[in-house]
Amino acid sequence: EKDSLLAQWQSKYTFILEQWRLAQQKQFGKSSETSPGQGELFDEMAAESDVIDTETETQTVSYTRSKPKRQPLPKDLPRETVVLDIAESDKVCLCCQGALHCIGEDRSEKLDFIPAQLKVIETVRPKYACRECEKTGTQNTIKQAAMPPSIIPKGIATPSLLSQIITGKFQYSLPLYRQETLFKQYGIELSRRTMSDWMKKCADALKPLYERLHQELLKQSVIQADETTLNVIKEARSKCYMWVYCTGKEAPDKYNPIPNIVLYDYQSTRSGQCAVDFLQGFDGYLNVDGYQAYESTQATLAGCWAHARRKFIEAEKGMPKGKSGKATMAINHIKKLYAIETLAQQADNAEGAFKIRQEQAPEVLATYKAWLEKSAQQVPPKSLLGKAIQYNLNQWDKLTVYLTDYRVNIDNNRAERAIKPFVIGRKNWLFSNTGNGAKSSATLYSIIETAKANGLIPYDYLVRLFEELPRRKENDDINDLLPWNIKSSLKISQPIESNAFL
């Protein structure tokens, strides 16, 4: 009995030590999950050739030292030429007193910053009436030009000002109270309450475009999803959630047939019904982590190897130095799967990449699963390593789905990176005041991140939307405003004044 009690206390002590080491690492250590030599596990011959090439380059550098080159400034920036010439009296030869002639010149460039400029657009609408009708006392009709349609009727904000405030908060994580201070520097009293009201109205105007993107997202074969917490002051729950759903790539890719879409969805809970409602009618592949809420959807779930690896990385960090052998071994197994994916990316097309995956991954997976099953019998189940092993075994069927279809990714990193801009912004503005405000934020984040994924400048895209949407009727077609359709009519290079206010 004493031995049993001692073993229990030893197990609890070990568990507490693991948790303490992991907490220490999370607070003070590196957050990167990259391991040394990550790209050198797959092809030894390629590694050797790389070493030979590196040695050759090193010898060359020892004789010819290359200097760092400054990137040239954009050619489309306005330029002001300043000529620094010597005085006329100095243009005489000191030897023979003959006139000097110009034999060349040196040019250098410096980048000057021009602060943002604010101006007032005053609209004048003359009124016209009939003098004869005034004399006779009959009905006198007054004629006047109609006001142009505006995203905020009777408001003082133009599309450019609205776009500047929205990108300031949702692209550059600049809270409204800081923007309020910036406007005060220019003598403009623009309260955060007013700006918040403008963003709510802009989000309402953008809702049809959001819904249109939602329809396109549900048509795709693969969707990636993730969720994170959000503090909403006037909600009953202490934690609310921002869900993200995305398709395609993080940047334009002419070989990628799937549109690049990123949609945020605010919900007060983390219930599986949230995913069910948003993905209603979708029966394709859903790339997610191990959260059980996604089980309620009609989609075929594909697991995430990045999450599977992360469990072992946490176990490795929670162990004493020099005693992380099994965790490191598991990480090395997963590295081989990623090495295969790296090799597959070098194929000429998707079918060729999928062939490489199918030919080489099953053997690595079989070896890894056998190792997991053996290790599960040797490691305490409640330890970090035991939990990591059990997570991998429980998720095995989902983790191997990526072998069945070339369109499925090996991990869910696309969604994790898509939600990162929201997480960074949350560190600055900390919370949302109301649920409606959080929903507006979800719409605006969606439009901005989808624009970025399609190679557009969010500022320019929002300006175009705020100019075009007021002219459209409720049931008008807005397909021409989708990011991949409007791209040809927008400048990809950013004007100097676009975000200079920041």
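Predicted model: local features only at pLDDT ≥ 70, side-chain atom pairs only at ≥ 80, totals over all residues.

Start with how the pieces are named: helices (H or I, at least four residues) and strands (E, at least two) are DSSP runs, numbered from the N terminus. Residues are numbered from 1 along each chain as its sequence is written, and side-chain values use heavy atoms, with hydrogens and water left out.

**The whole chain**

Now show the surface. A residue is buried at under 20% relative accessible area, exposed at over 50%, and partly exposed in between (1.4 Å probe, protein chains only). Of the 502 residues in the protein chain, buried ones make up 39%. Contact here means heavy atoms within 4.5 Å. Take the contacts in the protein chain between residues at least 6 apart in sequence: 69% of them join residues at least 24 apart.

**The cores**

In soluble globular proteins, nonpolar side chains tend to be buried together. A nonpolar core, as used here, is a set of buried Ala, Val, Leu, Ile, Met, Phe, Trp, Tyr and Cys residues joined through side-chain atoms within 4.5 Å. Select Ile166, Trp198, Tyr245, Tyr264, Leu286, Tyr461 and Leu465: these have the most contacts inside the largest nonpolar core, which has 70 residues. Helix 6 (residues 192-218) gives this core its largest share, ten residues. For a second, separate core, of 40 residues, pick out Val222, Ala315, Leu337 and Ala344, which are among its members.

Zoom in on Ile166. Not counting residues up to four places away in sequence, Ile166 touches Gln171, Met199, Cys202, Leu444, Ile448, Leu462 and Phe466.

**Two helices crossing**

Next, show helix 5 (residues 176-185) together with helix 6. Two packed helices are described by the angle between their axes and the distance between the axes. Axes are lines fitted to C-alpha atoms, for helices over the stretch in contact, and angles run from 0 to 180 degrees between N-to-C directions. Helix 5 and helix 6 pack at about 120°, with axes 9 Å apart. Where do the two helices meet? On the helix 5 side, look for Leu176, Tyr177, Gln179, Glu180 and Phe183; on the helix 6 side, for Arg192, Met195, Ser196 and Met199.

Step back to Ser173, in the loop between helix 4 (159-170) and helix 5. Most residues other than glycine have a negative phi. Ser173, though not a glycine, has a positive phi, near 60°. Is Ser173 buried or exposed? Ser173 is buried, with a relative accessible area of 9%.

For another positive phi in a residue other than glycine, go to Leu430, where the value is near 70°. Leu430 sits in the loop between helix 13 (413-429) and helix 14 (435-453). At 53% relative accessibility, Leu430 counts as exposed.

**A buried glutamate**

Select Glu227, in strand 3 (residues 222-230). Glu227 counts as buried because its relative accessibility is 9%. Which residues does Glu227 contact, leaving aside its neighbours within four places in sequence? They are Tyr241, Met242, Trp243, Arg270, Asp289, Tyr291, Tyr294 and Ile419. Now look for polar contacts (a pair of N or O atoms within 3.5 Å; within protein, one must be able to donate a hydrogen and the other to accept it, and residues adjacent in sequence count only if both atoms are side-chain atoms). The side chain of Glu227 makes one with the side chain of Arg270, at 2.7 Å, and a polar contact of 2.5 Å joins the side chains of Glu227 and Tyr294.

**Last stops**

Ala330 is in helix 9 (residues 325-344) and is buried, with a relative accessible area of 0%. Beyond its neighbours within four places in sequence, Ala330 is in contact with Phe312, Tyr368 and Trp371. Draw a C-alpha to C-alpha line from Ala330 to Phe312: they are 18 residues apart in sequence and 7.0 Å apart in space.

Finish at Gln280, in the loop between helix 7 (272-278) and strand 6 (285-287). Gln280 is exposed, with a relative accessible area of 63%.
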